[in-house]
Amino acid sequence: MDFELPAEHRMIRDTVREFCEEEIRPIAQEIEDEHRFPDEVFADLNDLDMMGVPVSEEYGGLGGDQLMYALVTEEIGRVSGGIGLSYAAHTSLGAKPIELFGTPKQKEEWLRPLAEGGEIGAWALTEPGSGSDASDMDTTAEFDADAGEYVLNGTKQFITNANVANSVLVKAVTDPGAGYDGISTFIVDPENDDGFEITTVWDKMGLNSSPTCEIQLDDVRIPEDRLLGEEGDGWTQTMKTLDGGRISIAALSVGLAQGAYEAAKEYAGEREQFGKPIAKFDAIRDKVVHMHRQTERARLLTHKAAARYDAGESVTRESALAKLDASEAAREVAEEAVQTLGGYGYTTDFAPQRFYRDAKLMEIGEGTSEIQHVVLGRELGL
């Protein structure tokens with residue numbers, strides 16, 4: 001067991017950290033207040049070759065592994081949860097499934113622009129009535145044999161990046177009587193496919209620089225060659241995608257926890273009461289130490305899951321465990337950071353309040369904490 005990061009991974013992490021400090025931190029609160037997706041930041045990330053970190057070089061990616069991608073996501077989350085969420089959704093959900101399940105033609109046409117061309121990806125699974133039972137979907141895709149097209153109808157809910165995406169991977173039912181085996185995946189072009197409409201962009205408790213949307217699909221006609229994989233592969237693809245996606249949410253959670261911990265540690269070392277820094281008081285010192293412990297534990301679980309993913313092993317248990325622990329750590333560490341700063345922690349002049357609001361979604365998105373318990377129980381044979 002080697003706990004040291006490879007030199008290339010450290011170099012990428014340090015490059016992204018410097019970029020985040022110089023370009024993202026100064027605007028992190030501003031873009032939240034404005035509810036603005038920062039196109040310029042993603043253009044710069046593309047210039048740094050970071051928009052396709054785990055995508056093969058053959059299709060314009062960096063050719064990195066899951067661990068490298070987790071490190072990049074963590075560094076972005078350390079300064080901005082909103083940018084981190086959109087970045088993770090683009091990479092894990094919008095781009096990676098095309099690499100895993102697409103044809104060479106689909107990869108060239110749809111994956112390459114996401115990895116190297118500055119385009120943004122999205123993934124549409126959840127529906128207004130589905131909640132944690134994501135397989136219970138009403139969106140349908142009927143094949144029109146005469147036209148050689150699929151016709152999509154339905155509504156998708158809580159879709160990250162949908163209103164800024166150049167491609168959206170939409171899950172739809174192609175065989176209503178087949179259950180899980182009746183779900184398929186389609187590549188939708190929001191700009192050019194008639195009948196695709198963004199009906200809502202949600203105001204949220206946090207993460208408002210990352211757009212969360214409702215999509216209406218009204219007789220959207222998709223050429224047959226935009227079916228990803230085969231008919232009925234959609235749910236198997238979803239499970240494989242979520243194994244990697246949960247690692248990215250764990251990494252984002254670690255970043256949020258790290259950012260909150262650093263803010264609290266810095267403040268505790270500078271803020272004086274009764275003639276000495278508050279870090280010298282047992283109550284604050286123990287709080288900061290506990291925050292550090294939670295963050296490090298979550299990071300180890302996340303790196304373990306990423307390493308096993310890179311080794312080609314099944315990671316359903318590891319990714320669920322990392323996501324569950326890291327998301328809860330992010331929320332708890334951020335809450336303690338707010339408490340450490342006291343009244344200042346409740347103001348938008350300081351970052352902990354933003355980390356606190358952002359962290360809560362980590363326990364909900366890509367499978368709630370309750371669902372992670374279900375997954376882990378099943379993996380443990382319970």
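Modeller: Axes here are lines fitted to C-alpha atoms, for helices over the stretch in contact, with angles running from 0 to 180 degrees between N-to-C directions. This is a predicted model, in which local features need pLDDT of at least 70 and side-chain atom pairs count only at pLDDT 80 or more, whereas totals for chains, interfaces and linings use all residues. Residues are numbered from 1 along each chain as its sequence is written, and side-chain values use heavy atoms, with hydrogens and water left out.

Helices are DSSP runs of H or I with at least four residues, numbered from the N terminus. The axes of H9 and helix H11 (residues 369-379) come within 9 Å of each other and cross at roughly 145 degrees. In this contact (heavy atoms within 4.5 Å), Thr316, Arg317, Ala320, Leu321, Lys323, Leu324, Ser327 and Glu328 of H9 meet Ser369, Gln372, His373, Val375, Leu376 and Glu379 of H11. The residues involved divide into five nonpolar, five polar and four charged, where Ala, Val, Leu, Ile, Met, Phe, Trp, Tyr, Cys and Pro count as nonpolar, Asp, Glu, Lys and Arg as charged, and the others, Gly among them, as polar.

H9 (316-341) also takes part in covering the buried residues of H10, together with others including helix H2 (28-34), helix H4 (66-77), helix H5 (81-101) and helix H7 (234-270). In helix H10 (residues 352-362), the residues that are buried are Pro352, Gln353, Arg354, Phe355, Asp358, Ala359 and Met362, buried meaning under 20% relative accessible area with a 1.4 Å probe and protein chains only. By comparison, Ile198 has 28% relative accessibility and therefore counts as partly exposed, a class that lies between buried and exposed, the latter being over 50%. Ile198 sits in strand S6 (residues 196-201), a strand being a DSSP run of E with at least two residues.
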